[in-house]
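Take a look at the protein below. This report walks through its fold, its charged pairs and a few residues of interest.

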Amino acid sequence: SALWVKYPNSDLPHVEKVDLLNRHVDVENQRFSTRRLIFVSYGMPKWAQKLIKFNMKGISTEDATCDFKARELVLLGQNITFSDFFRVRERCVYTPHPENPAWTSYAATTSFEISLLPGFNSMLEDACVKKNAETAQKGASVMQKVIDRLVASNWRTASDKLAEWKEDLAEMAKSKRQGARN
């Protein structure tokens, strides 16, 4: 639940706006997926901004797939703006913790592909890796704050409704299969 209300957030001002482009519910497989556009201000070092001389605002996409059966949420993000010479790809996975299913395990990987100028690429990549580590720490902190806020607001009531919705999806899928056989 916290993921969907994380932005906008004053602690992460680089994300200016998030728009939902597409939403798909797969009743039979108990999955839903979304595609969101994320409007960002890129946090490049001043020396890189002077060399590149571009507006440091851009658009990224985020594809999310929530698999109720596997109890897994996978996010795949990548930039659209500047992607011809500067590509960022991020993958985040949320699953139940192996030791305590009431907890959530989180794993993230980010890759950078930079092809601007020889010599400049590795310097910019180093700066991006450093900035990404800082942003990831802030993001984890923000996520915890959002979770704490949801817990304080008795969000479990909504979670219970989600469980009911999941049961309804299972019933719909069962009815669909039975209808197809008849």
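## Two paired strands

Strands β2 and β3 run antiparallel to each other and are joined over 11 bridges. In this pairing, R35 stands opposite D63 in β3. The model shown here is predicted.

## The sheet

Strands of a sheet pair through backbone hydrogen bonds, either parallel or antiparallel. Which kind of pairing does this sheet have? The pairing is antiparallel. The sheet is open and holds 6 strands, in the order β1-β2-β3-β4-β5-β6. Strands β1 and β6 are the edges, and each of them pairs on one side only. On average, neighbouring strands of the sheet are turned by 15° against each other, with direction ignored.

A helix also packs on this sheet. It is α2, which spans residues 120-152 and touches β5 and β6. The direction of α2 makes about 160° with that of β6.

## The whole chain

The protein chain has 3 helices and 6 strands. Read from the N terminus, its elements run β-β-α-β-β-β-β-α-α. The chain has 182 residues, and 30% of them count as buried. The chain exposes about 12,100 Å². Carbon and sulfur atoms supply 53% of that area.

## Salt bridges between strands

How many salt bridges does a search of the whole structure find? It finds 7. One of them joins K57 and E16, whose closest N and O atoms are 2.6 Å apart. K57 lies in strand β3 (residues 57-67) and E16 in strand β1 (residues 15-26), so this pair ties together parts that are 41 residues apart in sequence. Both partners are partly exposed: K57 has 44% relative accessibility, and E16 has a relative accessible area of 38%.

A salt bridge also forms between the side chains of D67 and R31, at 3.1 Å from N to O. D67 lies in strand β3 and R31 in strand β2 (residues 31-41), so the pair ties together parts that are 36 residues apart in sequence. Is D67 buried or exposed? D67 is buried, because its relative accessible area is 12% and the cut-off for buried is under 20%. R31 counts as partly exposed, at 38% relative accessibility.

E113 and R89 make another salt bridge through their side chains, at 2.9 Å from N to O. This pair links distant parts of the chain, 24 residues apart. E113 sits in strand β6 (residues 104-114), and R89 sits in strand β5 (residues 86-96). E113 is partly exposed at 42% relative accessibility. R89 is partly exposed too, with a relative accessible area of 37%.

## A nonpolar patch

Which residues make a nonpolar surface patch? They are W47, L51 and M123, and the patch covers about 310 Å². L51 is found in helix α1, which spans residues 46-52. Why does L51 count as exposed? Its relative accessibility is 55%, and exposed means over 50%.

## A buried threonine

T61 lies in strand β3. At 9% relative accessibility, T61 counts as buried. What does T61 touch, leaving aside residues up to four places away in sequence? It touches R36, L37, L76, G77, Q78 and I80.

## Two loop residues with positive phi

R71 is not a glycine, yet its phi is positive, near 55°. R71 lies in the loop between β3 and β4, and β4 covers residues 72-79. R71 counts as partly exposed, at 47% relative accessibility.

F82 also has a positive phi, of about 70°, although it is not a glycine. Where is F82 found? F82 is in the loop between β4 and β5. At 14% relative accessibility, F82 counts as buried.

Definitions and conventions
Residues numbered from 1 in each chain as written. Predicted model: local features only at pLDDT ≥ 70, side-chain atom pairs only at ≥ 80, totals over all residues. Heavy atoms only, no water. Salt bridge = Lys/Arg side-chain N within 4 Å of Asp/Glu carboxyl O. Helix = DSSP H or I, 4+ residues; strand = E, 2+ residues; numbered from the N terminus. Buried < 20%, exposed > 50% of the residue type's maximum accessible area, 1.4 Å probe, protein only. Patch = residues over 30% accessible without salt bridge, like charges linked within 9 Å, V, L, I, M, F, W, Y side chains within 5 Å. Areas by Shrake-Rupley, 256 points an atom, 1.4 Å probe, with all protein chains shown as cover. Contact = heavy atoms within 4.5 Å. Pairing = 2+ DSSP bridges. Axes fitted to C-alpha atoms, helices over the stretch in contact; angles between N-to-C directions.
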